[in-house]
Amino acid sequence: LSVVEAGNKPRKLENPSGLLSVNRLVVLVPNEDVDEAGLSRQIWMLASHYHLDVLLLSVVHNNDESMSALRRLTTLSMMTHDSHVKVDKKVMNNRSWLHAVKQQWGQTDMILCPAELFVSAGFGKSRNLSQLLSDSLKAPVYTFSGLYTYVKHSLPVWVRRVPYWLGFALILAVCFYFEVEVDHIAHGWVGQLILVLVVTFEIGLIYLWNLIAG
């Protein structure tokens, strides 16, 4: 384990005496491929040694991700739970890990976070989540490494949204072109009717695109 403290660089945890005042272990579990056996073993060792309850917390951005995240947490919970370790799980639909953790964190909680997990920190920038949490909460955040292989390569949020906005702009441009053509070709009530149909079709396309990629 390593520990990240506000304003300081990560360092190896050499003196774990501070964990004696902790009551609960909050484990941040990104919805990514992970060594589930290794992670559950790490959680169980900490929880059983220091007599901690466990909260497995995953943050997703839409309902489609919720089911896969819940299955992952359920698997980890089953592998970690025993008569001495109580494990709860929670999936939060939130745009921000920081906001989600703040809603769940208490002064006697220990946060355990993947060292490889980075989050968006402005246009084109990313920041290590453990350092962001430590600076914001003014509390140490404990990290583990080597169990995730994909988290460190995740794209910034703004990059992942580019295809959505390109598709949205394309729909608007194509529909606008047809609206202009209708206005030039058809007149009177026929033109108005066709224009209403085109606008209705445009709204339907935008709604469908939001369902697919929103």
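How are helix 3 and helix 4 oriented to each other? Helix 3 and helix 4 are oblique to each other, a class for angles that are not under 35 degrees (roughly parallel), over 145 (roughly antiparallel) or 65 to 115 (roughly perpendicular).

This is a predicted model, in which local features need pLDDT of at least 70, side-chain atom pairs count only at pLDDT 80 or more, and totals for chains, interfaces and linings use all residues. Residues are numbered from 1 along each chain as its sequence is written, and side-chain values use heavy atoms, leaving out hydrogens and water.

**Helix pairs**

Helices (H or I, at least four residues) and strands (E, at least two) are DSSP runs, numbered from the N terminus. Axes are lines fitted to C-alpha atoms, for helices over the stretch in contact, and angles run from 0 to 180 degrees between N-to-C directions.

| Pair | Angle | Axes apart |
|---|---|---|
| Helix 3 and helix 4 | about 50° | 11 Å |
| Helix 1 and helix 2 | about 50° | 9 Å |

Helix 1 and helix 2 are oblique to each other. Helix 1 uses Glu 36, Ala 37, Leu 39, Ser 40, Ile 43 and Trp 44 in this contact. Helix 2 answers with Arg 72, Thr 75, Leu 76, Met 79 and Thr 80.

**Helix 1**

Helix 1 runs over residues 36–50. Its 15 residues reach 21 Å from first C-alpha to last, close to the 21 Å expected at 1.5 Å a residue. That expected span is 1.5 Å times one less than the number of residues. His 51 follows helix 1 and has a positive phi, near 55°.

**Cores**

A nonpolar core is a set of buried Ala, Val, Leu, Ile, Met, Phe, Trp, Tyr and Cys residues joined through side-chain atoms within 4.5 Å. The largest has 25 residues, and Leu 25, Val 27, Leu 39, Val 54 and Leu 56 have the most contacts inside it. Helix 1 gives the most to this core, with 5 residues. A second, separate core of 21 residues includes Trp 97, Ile 111, Leu 129 and Leu 137.

Notes:
Buried means under 20% relative accessible area, exposed over 50%, partly exposed in between (1.4 Å probe, protein chains only). Contact means heavy atoms within 4.5 Å.
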